[in-house]
Structures are given as structure tokens and as C-alpha cells.
Amino acid sequence: MTVSPPSSQQSTSPNPAARPATSSRLGGVPVLAVANQKGGVGKTTTSVATAVMLAQAGLRVLLIDLDPQGNASSSLGIDKSSLVRTTYDLMIGRARATDAARPSGRDGLDIVATSSSLAAAEIELVDIDDRERQLQRALVGIEGRYDLVMLDCPPSLGLLTVNAFTAASSVLVPIQCEFLPLEGLTQLQRTIGQVRQHLNPELVITGVLMTMYDARTRLSAQVVEEVRRFYPKELFATVIPRSIRLAEAPSYGLSIAEYDPKSNGAVAYQRLVGELIQRLGLPTPA
Ligand SMILES: Nc1ncnc2c1ncn2[C@@H]1O[C@H](COP(=O)(O)OP(=O)(O)OP(=O)(O)O)[C@@H](O)[C@H]1O
Ligand SMILES: [Mg+2]
């Protein structure tokens, strides 16, 4: 089966990574959506690992769990039965992010956690005018409180992800090192292009991240080269290896930086954080 490759010229700016990736609406606070409609490619692992590392580096980070599965919330050890306000409240206009954010138990990192009720929001929103802007509206007020907002998206291109793209200033796309890596990305790019055209002209792809790289197989290296041909500027230099430690960390409610900071996976995510700080122009506290 052949897959038509996504054309980065067609729907992204000529050099997205060179454009400022901050949101002019929120006093310049970057809002980064971690998205790929394909399941299990490392969106949540990347969101949680980088959010914790950026907080450890001294930044004030807000992570919003936009997936009804709630994996980002549980990966950080949040007890989902104790939640008062969740992403659901943001999506139906019942709370702002500043009210729903709760401490994650780590300095510098707050989270808007989610529970399965978020799945209902997709249906309830169908009757609401301007439903694509619910999250954008809920972010008003974060200016000055956070240096970065991260959105862990669900594995679909439905209304939750469209809300993320409308609220975001940029997108990070994790791609798993496996057969047919570009499959599905045409659709992702089309959605980003449509959001840019109709809802959020600021949106850029800040980076494409290869995940679950297996150095023992030729396939992984071939896949990275294939993706590099289509995303030469967007591809991060950092590649995330397949690592058992990364897969184990969530079951302890810990990020990789806490579970095993010396593991290959942690070292790779630390490198990615360096690239992200540069690309997003994030402040680097002394
Ligand atoms: N680099 C890695 N090495 C080994 N396992 C990994 C790696 N990255 C993620 N995993 C594991 O793969 C699974 C999928 O990862 P993750 O939940 O981050 O993907 P996702 O894209 O968020 O999935 P979903 O689409 O369901 O939200 C998880 O069990 C996770 O622990
Ligand atoms: Mg996930």
C-alpha cells in the first residue's frame, strides 16, 4: 500500500519552526499541543516527561489533559476520584483553566486533570455555538501565571483536538518509528491547515519527534530518514529510544525524570527539552 506523503509546503508555513510559536492572545505564553490522531505513538509520555523536566528547569508549566482516557493525569499519580474541576468543565464553559488547575505535587507544574466524563463533552459541544473556541476561552487569565501551557491530545481529530489546535500556538507531533510512518499525517496536516485558515492563523508545527526508536533494527533508522525527507526543518535532532523504563514509569505515577533520571529515555527527553526551549523561545531561569 502506498501512502501519499503529507506536503509540508501545502499546508504549513514555509519555515514554521522559524516563526515565533507564542500566542499573541495570551500575553505571549506559548500553548503547545502534543497531537497525532494515531494511538500509542508517545503523546502522553512526551507531554508528561517534558512538562516535568521543564518545571524542574524552573519554568511554570500548566499541563492540560485533553484525553478522556486520562493517561497524563494518572501518569502523574493524580487520584482521579478526588477531582473537583476537570478538563470537562473547561470544555463546557463551566470553569477557566486558572480555576481548574491543581498542583501536580511538583514545584512549577500544575495540571488540569481529566476523567472519563470528558468523552461526553464532544457530544454536548455539538449544540454550542463557536464550539471550537471553548478551550481558547478557558485559557484567558493564564497570562503571567505560566511560562508554557501543554495540551495532551486524544488519539483522534475530533472536537477536542480541534479545540486544542484553536487554542494552541504550536503543535508537537510524535511519530513512532514503525512501518508506514507517514500514514495518517496527511489528514493531520489537513486539519491543522483548516484550523489555521478558519480559526487560528498563528498555529505552527513546532516539531516532529521520532519515538520508540530501536537501534537494533534497520527499520527504525529507515523510518527516521523517510520522515526527515518530508519534515526536514520540523524534525527534532533528538530521537526518543524504545525504553522499558519509559513504559514502566506511569504505573508508579512518576515521570521518567523522577523514576529513572539516568535512563536512556530520560536523557533523550532532557535533550528534547533543550531543543524545545530554543524553538519556543522559553525563558531559561538561572
Ligand atoms: N519510548 C518509549 N519506549 C517504550 N515504551 C514507550 C515509549 N513511549 C511510550 N511508551 C509506552 O507506549 C504506550 C503508548 O505511549 P503513550 O501513552 O505515551 O502514547 P499516546 O500517543 O499518548 O497514546 P494514546 O493515543 O492512547 O493517547 C504506553 O504504554 C507507554 O508507556
Ligand atoms: Mg495519550
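## Around the ligand

A residue counts as near a molecule or strand if its C-beta atom, placed from the backbone, lies within 6 Å of it. By that rule, ligand 1 is surrounded by 20 residues, and G39, K43, T44, T45 and P155 are the closest. This is a predicted model, where local features need pLDDT of at least 70, side-chain atom pairs count only at pLDDT 80 or more, and totals for chains, interfaces and linings use all residues. Residues are numbered from 1 along each chain as its sequence is written, while chains are lettered from A and ligands numbered from 1 in the order in which they are written.

Sorted by class, the shell around ligand 1 holds seven nonpolar, ten polar and three charged residues. Here Ala, Val, Leu, Ile, Met, Phe, Trp, Tyr, Cys and Pro are nonpolar, Asp, Glu, Lys and Arg are charged, and the others, Gly among them, are polar. At least two shell residues each come from helix 2 (43-56), strand 7 (204-213) and helix 11 (244-248). Helix 2 gives the largest share, three residues. Helices (H or I, at least four residues) and strands (E, at least two) are DSSP runs, numbered from the N terminus.

Eight of them make an open sheet with mixed pairing, in the order 3-4-2-5-1-6-7-8; two strands pair if DSSP finds at least two bridges between them. Strand 3 (102-106) and strand 8 (235-241) are the edge strands, each pairing on one side only. From one strand to the next, the twist averages 25 degrees.

Strand 1 (residues 31-34) runs parallel to its partner, strand 5 (residues 148-152), with four bridges between them; V31 has V149 as its bridge partner in strand 5.

## Helix 2 meets helix 13

Back to helix 2. It packs against helix 13 (residues 264-280) at an angle of about 70 degrees, with the axes 10 Å apart. Axes are lines fitted to C-alpha atoms, for helices over the stretch in contact, and angles run from 0 to 180 degrees between N-to-C directions. That angle makes helix 2 roughly perpendicular to helix 13; the cut-offs are under 35 degrees for roughly parallel, over 145 for roughly antiparallel, 65 to 115 for roughly perpendicular, and oblique for the rest.

On the helix 2 side, the contact uses A49, T50, M53 and L54, and these meet Y269, Q270, L272, V273 and L276 of helix 13. Two residues are in contact if their C-beta atoms, placed from the backbone, lie within 7 Å. This contact has seven nonpolar, two polar and no charged residues.

## Helix 8 meets helix 9

Helix 8 (residues 159-167) and helix 9 (residues 185-198) have axes that come within 10 Å and cross at roughly 50 degrees. That makes helix 8 oblique to helix 9. V162, F165 and T166 in helix 8 meet T191, I192 and V195 in helix 9. Between helix 8 and helix 9, the contact residues split into four nonpolar, two polar and no charged.
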